[in-house]
Amino acid sequence: MANFYETVLTVLKSDERFVAEDGTFLRNAVYEAAMKMDERLDGR
């Protein structure tokens, strides 16, 4: 069973906004979305 961090990372990587064309995970994009209270991060 994956730990919590790995699970969250997998879910975030499934969102194309957070992955660069070369497959790099864009942590800053996640931070910016969180600071803007992006509704799509809500998960509902």
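Okay, quick one today, starting with bookkeeping: Lys and Arg count as positive, Asp and Glu as negative, and His and the chain ends are left out. Each charge sits at NZ of Lys, CZ of Arg, CG of Asp or CD of Glu. With that, the protein has 6 positive and 9 negative charges, and their mean positions are 3 Å apart.

This is a predicted model, so local features need pLDDT of at least 70 and side-chain atom pairs pLDDT 80 or more, while totals for chains, interfaces and linings use all residues. Numbering runs from 1 along each chain as its sequence is written, and side-chain values use heavy atoms, without hydrogens or water.

Overall, we've got 2 helices and 0 strands; those are DSSP runs, H or I of at least four residues for helices, E of at least two for strands, numbered from the N terminus. The C-alpha atoms fill a box of roughly 30 × 25 × 15 Å along the principal axes. Of the 44 residues, 14% count as buried, meaning under 20% relative accessible area, with exposed over 50% and partly exposed in between (1.4 Å probe, protein chains only).

Now, Asp15. You'll find Asp15 in the loop between helix 1 (4–13) and helix 2 (27–35). Asp15 counts as buried because its relative accessibility is 16%.

Then Met37, in the segment after helix 2. Is Met37 buried or exposed? Exposed, because its relative accessible area is 71%. Its phi is also positive, near 55 degrees. For context, most residues other than glycine have a negative phi.
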